Amino acid sequence: MELDFQTSVDYFWALLPEIVLSLWAMGVLLADVFQKGSRSEASRPAIAWLALAGIAAAAVANVWLMTVTGTGGMIAVDGFRIFANFILLLAAALAILVSMGYLDRHAMNRGEFYVLLMFAVVGMMILASAQDLILLFVGLELMSVAIYVLVGFNRRDPRSGEAALKYFLLGAFASAFLLYGIALVFGATGTTDLALLAETIGTGVQDAPLLLMMGVGLLAVGFAFKVAAMPFHVWTPDAYDGAPTPITALMATGVKAAAFAALLRVFAVSFGGLHETWVVAFWWLAALTMIGANLVALTQGSVKRMLAYSSIAHAGYVLVAVVAANAVGAAAFLFYLLVYTLMTAGAFGIVIANARGDRERVSLEDYAGLGWQQPVMAAAFAIFLLSLAGFPLTGGFIGKLYILRAALAADQVPLAVILVMASLISYFYYLRVVIVMYMRPAPAADTHAGLTASRPLQVAVGVAAIGVILLFFAPAMVLDAAQGSVAGLFIAQEALFGLSRGP
Amino acid sequence: MLTDILFFFFAGIAIFCGIMVVTRRNPVASALWLIGTFFALAAIYTLIGAFFIGVIQILVYAGAIMVLFLFVIMLLNLGNDYQPDLRSRAWMITAGGSGLVLLAILGRVFAADTTAPLGRLTGPEAVATQVAEYGAVGAIARPMYTDYMIVLQVTGLLLLVAVVGAVMLAKRRV
């Protein structure tokens, strides 16, 4: 189907996945109210499955979206959006699966949890596909507001509340940066449409007006906050540590992927003409994030906090693909986000499983001897950790390889070297957990007996583990899809400047 | 010429009130100075011909939102213990540096006589043509309900999420 965005009906078709998901979320909200006898009673498991069905329905609509083409609207209808949507829906599905048992254990099984999660995903999908800075901002806020609430969802835990407050204040601060940047860019160019922006900025690289440069700078700061790149990461460890663990998984995967997708769309496509200018800033951001986050992660005693710093470090690796800003980089970017989503969600799934009652066991000592008493769980965790480190035989290795290739294609040799060095540092703290699991004896013979991994969580972890392994042995299919989906992204820009960085 | 004088007058008031907002020790005083900023901004909007936005600025911000602020301050009983925000020397240097950068940018803007927008017209001329064509309210309403329809709908979702979230976080028993 061909859409030209002349009528509202075109927008209806172009936004079908988002519309399906938001209507479904409202339905879940009502269903939750009607199925309870008393308001204070916990929601029944059916609500979680209903939410999961909504994610599946949105995925089906997203598949249908592949048959649609269209340009010129406020929402992009291209392969990049469809691929990003699949990553976001996958992250949401994994988050719902791992949260089923978790919510019951922590006595916070409320249907609103899933409703807010679904609305957050709607926001992420809009953020990743907006072709207009205003829509991008509203999508970002929809995502953020839902996540602020979800972070503070465990009301009896003061740490959850503290994390929510910190995330809210710093998130609002970052939104203000972004909004100010959008206003200045509008003042300098007279448009907020991303395609028109690319056209307007054109080749005026030499004497870009001050207003435009300030706007671009503020946008960069706002995005750096949202993807948690150093030195704009200060909120991350506390927010990730205090949030309910399934939400930590969603924040580390979905929120980050959506913000990155918007970042790539805005900077590589719209501000492509200013590439020489902003690439310097992102170069330093990437280098600082990779080195700094990995060094700090070395000192963490809590596995949950270590994973938080690991997610900051991974933002640095993805930023390398953004710096490359070519078609190879964009494909590597999508591939890496997919692998990263699988392995991070899986790792947090294990952190959720390694708990007794409502007490999470997140310190390094709590993992001692896990390899012998819970072999399956420990093996899955080892796979995720090795993949996060970038070992061969896991998808993380292929992902890093493609990012390196993109960096080399864009002549970013120093950055590629930093990436390799930072990965070497990261081996230490990932392997330390594996060593503790297998080499250090458990304090007692029944330390890890009877850990509560619910069936849905086992499914989620299993799917993630198989996916991580498959992406090493058969990356071609996904990579071809990623390459195909970014094919259209840089066409406009290359036609404008006749540039083609990389092969 | 008169417009320029008025603009600088109100811009000066807005900046002065803004500085007062962040330097007052009493939150209520800060909130009251913020009203001054809002009024000055409303005057600036009116100067560039955006009458509707100017009126809304006073009605919504200076009226409704300000009352909300004061309610929150009074309900939380803030303002009894004062602690400076800038506690260490590093923060002082950062804040001072940011201020200097802002001054430098302002200086460059005045020295270079602000460059014209790269693309389409913005500012008073664009506002004037829109208002002449559709009227003061129509100039806002038309794009809002046609070009930016999707944004309006998503804003509706955003409000729904905010309501659900506020009930979840703040209700005594859920």
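Keep in mind that the model is predicted. In brief, chain B and chain A bury about 3,000 Å² between them, and a search of the whole structure turns up 31 aromatic pairs and eight salt bridges over all chains.

**Where chain B meets chain A**

- The contact draws on 29 residues of chain B and 40 residues of chain A.
- Of the roughly 3,000 Å² buried here, carbon and sulfur atoms account for 78%.
- On the chain B side, helix H4 (89–111) and helix H6 (149–170) each put in at least two residues that touch chain A.
- H6(B) supplies the largest share of that side, with 14 residues.
- Sort the chain B residues that touch chain A by type and you get 18 nonpolar, five polar and six charged.

**Aromatic rings**

- The search of the whole structure finds 31 aromatic pairs over all chains; one of them is Phe12(A) with Trp13(A), an edge-to-face pair with 5.4 Å from centre to centre and 70° between the planes.
- Both partners are partly exposed: Phe12(A) has 39% relative accessibility, and Trp13(A) has a relative accessible area of 30%.
- Phe472(A) and Phe473(A) also pair up, with ring centres 5.0 Å apart and planes at 90°, so this pair is edge-to-face.
- Are these two phenylalanines, Phe472(A) and Phe473(A), buried or exposed? Phe472(A) counts as buried because its relative accessibility is 18%, below the 20% cut-off, whereas Phe473(A) is exposed because its 58% is over the 50% cut-off.
- There is also an aromatic cluster in chain A, made up of Tyr148(A), Tyr167(A), Phe168(A), Trp235(A) and Tyr240(A).

**Arg81(A), a buried arginine**

- Arg81(A) sits in helix H4 of chain A, which covers residues 79–105.
- With a relative accessible area of 0%, Arg81(A) is buried.
- What does its side chain find there? A polar atom of the Arg81(A) side chain lies 3.1 Å from the backbone oxygen of Ala76(A).
- Setting aside neighbours within four places in sequence, the contacts of Arg81(A) include Ala14(A), Leu15(A), Pro17(A), Glu18(A), Leu65(A) and Ser129(A).

**Salt bridges**

- Side chains of opposite charge can pair when their charged atoms come close. Over all chains, the search finds eight salt bridges.
- Asp78(A) is partly exposed at 22% relative accessibility, but Arg265(A) is buried at 3%.
- Arg159(A) pairs with Asp241(A), where the closest N and O atoms are 3.6 Å apart.
- Because Arg159(A) is in helix H7 (residues 158–189) and Asp241(A) in helix H10 (residues 236–242) of chain A, the pair joins parts 82 residues apart in sequence.
- Arg159(A) is partly exposed at 42% relative accessibility, whereas Asp241(A) is buried at 15%.
- Lys166(A) and Asp238(A) form a salt bridge as well, with the closest N and O atoms 2.9 Å apart.
- This pair also links helix H7 to helix H10 of chain A, with Lys166(A) and Asp238(A) 72 residues apart.
- Both count as partly exposed, Lys166(A) with a relative accessible area of 31% and Asp238(A) with 27%.
- Which residues are linked in a network of salt bridges? The members are Asp157(A), Arg159(A), Glu162(A), Lys166(A), Asp238(A), Asp241(A) and Arg305(A).

Definitions and conventions
Residues numbered from 1 in each chain as written. Chains lettered and ligands numbered in written order. Predicted model: local features only at pLDDT ≥ 70, side-chain atom pairs only at ≥ 80, totals over all residues. Heavy atoms only, no water. Contact = heavy atoms within 4.5 Å. Buried area = accessible area lost by both parts, 1.4 Å probe. Helix = DSSP H or I, 4+ residues; strand = E, 2+ residues; numbered from the N terminus. Nonpolar A, V, L, I, M, F, W, Y, C, P; charged D, E, K, R; others polar. Phe/Tyr/Trp six-rings, centres within 6.5 Å; stacked < 30°, edge-to-face > 60°. Buried < 20%, exposed > 50% of the residue type's maximum accessible area, 1.4 Å probe, protein only. Polar contact = N/O pair within 3.5 Å; in protein donor to acceptor, adjacent residues only side chain to side chain. Salt bridge = Lys/Arg side-chain N within 4 Å of Asp/Glu carboxyl O.
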